[in-house]
Amino acid sequence: MMCWSAKRRSADYVDRRLRGNERIRMAAHLAQCDSCSQHVEDLASVRTTLRDLREPVAPSPLRTELLVIASRERRLSRSSALERLWSRWRFRLHEMMRPITIPATGGLLSSLVLFAALALTISTTTRAVAYEVPVLYADKIDPNLVPVELRSSVVLTLTLDGKGRITDYAVRDGSDSFIGDPSRLQYNNIALPEFPTVLAMAQPVSRDISISFTPLVFRR
Amino acid sequence: MARPLLGNPGTLSILAGIPAGLSEEDARILRGLRAGIEEAYQELIDRYEQPVYSVVYRLLDNPVDTCDVVQEVFLKVFRGVNSFREQSSLRTWIYRIALNEAHNHRRWFMRHCRREISIENEGSDRRNPLELASDPGRSPFDQALDNENRTLIERALARINPVFRTAVVLRDIQNLSYEEIAEILQVSLGTVKSRILRGREALRRELTQRPDPGLAEAMA
């Protein structure tokens, strides 16, 4: 038997797992080879040392804790199949989520904080009280007011760009029109206030503003 | 050769090349667990608390957490008892769960707590008070020497590669057979032999490289 072969079998030899001829050949080699003999002796001494190591004694509270767990699990095992299934899946989910709970919670919280901070800038509603209501006075139907004919209530919808400038308007009385020049509104005796810039996600956005005109009829 | 059906709880019912299966004792406990019988839970704890504690204690880098890991092991045993396919002995199955839990905990510990420093004195004796009880048969000097040697061996064991350490602990401390270790680790018999041999060699190197006079006696 060669030394490499003897070393490969040394664990088996120390554990008395070699039988018959193999064991005899190994013993014969060890009788001749000091190096292998020393190697086997060292392994045997390691094995003896470990076997002599005293077993760590489980602390007595552990048994109580295990009995508590057993009691709880036993109660669960007696519950209905649906409850057991739910319990098992909850356990698996818990096991699966445990490593990612802290990063996931951190990520969720930070995204909520970020969203809350940006949400303050997302406001597309315009408070009418902040503006002077444009006043249009006419004691009779004036054709110069076309396209705003105040025969009845008229809703003027203004389209504003990000900087609050009027880019389009529509009159809800059947006649829509586009004007490139917002001063046309002034020609029609409609005085409009300046609109502030509205931000959403820190970016200026366009929006629509509707203004309702109701004719006041004075009777003499 | 017939496989013994009536197994001593502590003995292994595995023979070379024959699948383990369940002993009658295992089957009885298993039936009790599945039926939710309190005595079966208690018997399982009585039989496996100490061995599981011992193996987990040896495999963790931080034995302070042993109790937590043992509780996790038993929790998984109780919850997995219905899905246990009875292709191995109960002991093999429980040891496999214990090893997996210890491995997971060690990995978690390496990631999260490796750089933490315990407030406890590193040199302090962290053994169970029962272990510290004096042995009337030995002098205080002998006891101190034994403790010192044991500490050295445990530290050497903790320094070797966890893969080899697991095999050595199962073989030389838990006294399991090669076949049983192969089944627990789910590796071939040749791999088990190789790991045990390399583990013992590594341990011998660790023990002999330390210039401590106590080691000579530990290895003797």
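**A walk through a two-chain predicted model**

Buried residues make up 34% of the 220 residues in chain B. Here a residue is buried if 20 or more other C-beta atoms lie within 10 Å of its own, exposed if 12 or fewer, and partly exposed in between, with C-beta atoms placed from the backbone. In chain A, also of 220 residues, buried residues make up 13%.

This is a predicted model: local features need pLDDT of at least 70, side-chain atom pairs count only at pLDDT 80 or more, and totals for chains, interfaces and linings use all residues. Residues are numbered from 1 along each chain as its sequence is written, while chains are lettered from A and ligands numbered from 1 in the order in which they are written.

Start with the elements. Helices (H or I, at least four residues) and strands (E, at least two) are DSSP runs, numbered from the N terminus. Chain B has 10 helices and 0 strands. Its pattern from the N terminus is therefore α-α-α-α-α-α-α-α-α-α. Chain A has 8 helices and 6 strands. Along its sequence the order is α-α-α-α-α-α-α-β-β-β-α-β-β-β.

Next, contacts. Two residues are in contact if their C-beta atoms, placed from the backbone, lie within 7 Å. In chain B, 64% of the contacts with a separation of 6 or more come from residues 24 or more positions apart. In chain A, 63% of the contacts between residues at least 6 apart in sequence join residues at least 24 apart.

Now look inside. A nonpolar core is a set of buried Ala, Val, Leu, Ile, Met, Phe, Trp, Tyr and Cys residues joined through C-beta atoms within 7 Å. The largest one has 63 residues, and Val52(B), Val56(B), Val70(B), Val73(B), Ile94(B), Ala98(B) and Ile181(B) touch the most other members. Helix 2 (residues 38-59) of chain B gives the largest share of this core, 11 residues. In soluble globular proteins, nonpolar side chains tend to be buried together.

Leaving aside residues up to four places away in sequence, Ile181(B) touches Ala167(B), Leu170(B), Arg171(B), Leu176(B) and Val192(B). Val192(B) is one of the buried residues of helix 9 of chain B, along with Lys193(B), Arg195(B), Ile196(B), Leu197(B), Gly199(B), Arg200(B), Leu203(B) and Leu207(B). Helix 9 (residues 189-209) has 21 residues and reaches 30 Å from its first C-alpha to its last, close to the 30 Å expected at 1.5 Å a residue. The expected span is 1.5 Å times one less than the number of residues.

Two loops deserve a stop. Asn175(B) sits in the loop between helix 7 and helix 8 (178-185) of chain B. Its phi is near 60°, a positive value in a residue other than glycine. Asn175(B) counts as partly exposed, because it has 13 C-beta neighbours inside 10 Å. Gln186(B) is in the loop between helix 8 and helix 9 of chain B. Phi of Gln186(B) is near 55°, again positive in a residue other than glycine. With 10 C-beta neighbours inside 10 Å, Gln186(B) is exposed.

Turn to where the chains meet. In all, 32 residues of chain A are in contact with 34 residues of chain B. On the chain A side, helix 2 (10-14), helix 4 (34-52), helix 5 and helix 6 (81-97) each give two or more residues. Helix 5 gives the most, with 10 residues. The chain A side divides into 15 nonpolar, 4 polar and 13 charged residues. Here Ala, Val, Leu, Ile, Met, Phe, Trp, Tyr, Cys and Pro count as nonpolar, Asp, Glu, Lys and Arg as charged, and the others, Gly among them, as polar.

Last, confidence. pLDDT is the predictor's confidence in each residue, from 0 to 100. The mean for chain A is 73, and 69% of its residues reach 70 or more. Over residues 126-149 of chain A the pLDDT is below 50. Where pLDDT is low, the predicted coordinates should not be read in detail.
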